[in-house]
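The stops below can be selected one after another.

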Amino acid sequence: MKQVIIIKLGGSILTYKKTGGGIRKSFVRDVVGEIALAYKKLSPLCSFVVLHGAGSLGHPLVRAHRLAGARLSSRTISGFAETVISVGKLTNLLADSFRRAGIPSVPLQTRLCFRRDVRGSVFLS
């Protein structure tokens, strides 16, 4: 069985914090290049999982719409949509950058993989 290498890219290093939340495209290009080098060397032995944070594309929207810990409702649906669309831009850019670098990539949204039960416990769905 192959080893799994998990790489977590912090949203705060992928996005501009002070200029309204743009993506640091030159940094994304550089980090994808570095991961591509490791992938090409290690992929026969390892599988790669790359995760990323939301940074300034998500956190300010979550605060503005008071979404932390909130359930989907008529009050929150617009804010959830705005946040998902915003963070999706980063997800899609990363997936496309990996594809262009020759790394097979499928973007998955972790919010679709986990659920809370009636007691508030988080579980994999």
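What follows is a tour of a predicted model, from the whole chain down to single residues.

**Whole chain**

Of the 125 residues in the chain, 30% are buried. If you display contacts between residues at least 6 apart in sequence, 61% of them join residues at least 24 apart.

**Strands E1 and E2: a nonpolar patch**

Select Val 4, Ile 6, Val 49 and Leu 51 and keep the surface on. These four residues form a nonpolar patch on the surface, and their accessible area together is about 330 Å². Which strands supply the patch? Colour strand E1 (3-9) and strand E2 (46-52); each of them supplies at least two of the patch residues. Val 4, for instance, lies in strand E1.

**Tyr 39 and Phe 48: an aromatic pair**

The chain has a count of 1 aromatic pair. The ring centres of Tyr 39 and Phe 48 are 5.6 Å apart and the ring planes meet at 65 degrees, so the pair is edge-to-face. The cut-off that decides this is a plane angle over 60 degrees. Are these two residues buried or exposed? Both Tyr 39 and Phe 48 are buried.

**Gly 22: a loop position**

Move to the loop between helix H1 (11-14) and helix H2 (25-42), where Gly 22 lies. Gly 22 has a relative accessibility of 28%, so it counts as partly exposed. Show its surroundings: leaving out residues up to four places away in sequence, Gly 22 touches Leu 14, Thr 15 and Tyr 16. Gly 22 and Leu 90 are 68 residues apart along the chain, while their C-alpha atoms are separated by 9.3 Å.

The last stop is helix H4, where Asp 96 is found. Side chains of opposite charge can pair when their charged atoms come close. The count for this model is 2 salt bridges.

Begin with Asp 96 and Arg 99, which form a salt bridge whose closest N and O atoms are 2.5 Å apart. A polar contact of 2.5 Å is also listed between the side chains of Asp 96 and Arg 99. Because they are 3 residues apart in helix H4, Asp 96 and Arg 99 are separated by about one helical turn. Asp 96 has a relative accessible area of 25% and is partly exposed, whereas Arg 99, at 51%, is exposed.

Now turn to Arg 100. This residue forms a salt bridge with Asp 96, with 2.8 Å between the closest N and O atoms. Arg 100 and Asp 96 both belong to helix H4 and are 4 residues apart, about one turn of the helix. Arg 100 is exposed, with a relative accessible area of 65%. Which three residues do the salt bridges with shared partners join into one network? They join Asp 96, Arg 99 and Arg 100.

Asp 96 and Val 106 are 10 residues apart in sequence, and from C-alpha to C-alpha they are 9.3 Å apart in space.

Conventions: Residues numbered from 1 in each chain as written. Predicted model: local features only at pLDDT ≥ 70, side-chain atom pairs only at ≥ 80, totals over all residues. Heavy atoms only, no water. Patch = residues over 30% accessible without salt bridge, like charges linked within 9 Å, V, L, I, M, F, W, Y side chains within 5 Å. Areas by Shrake-Rupley, 256 points an atom, 1.4 Å probe, with all protein chains shown as cover. Salt bridge = Lys/Arg side-chain N within 4 Å of Asp/Glu carboxyl O. Buried < 20%, exposed > 50% of the residue type's maximum accessible area, 1.4 Å probe, protein only. Polar contact = N/O pair within 3.5 Å; in protein donor to acceptor, adjacent residues only side chain to side chain. Phe/Tyr/Trp six-rings, centres within 6.5 Å; stacked < 30°, edge-to-face > 60°. Contact = heavy atoms within 4.5 Å.
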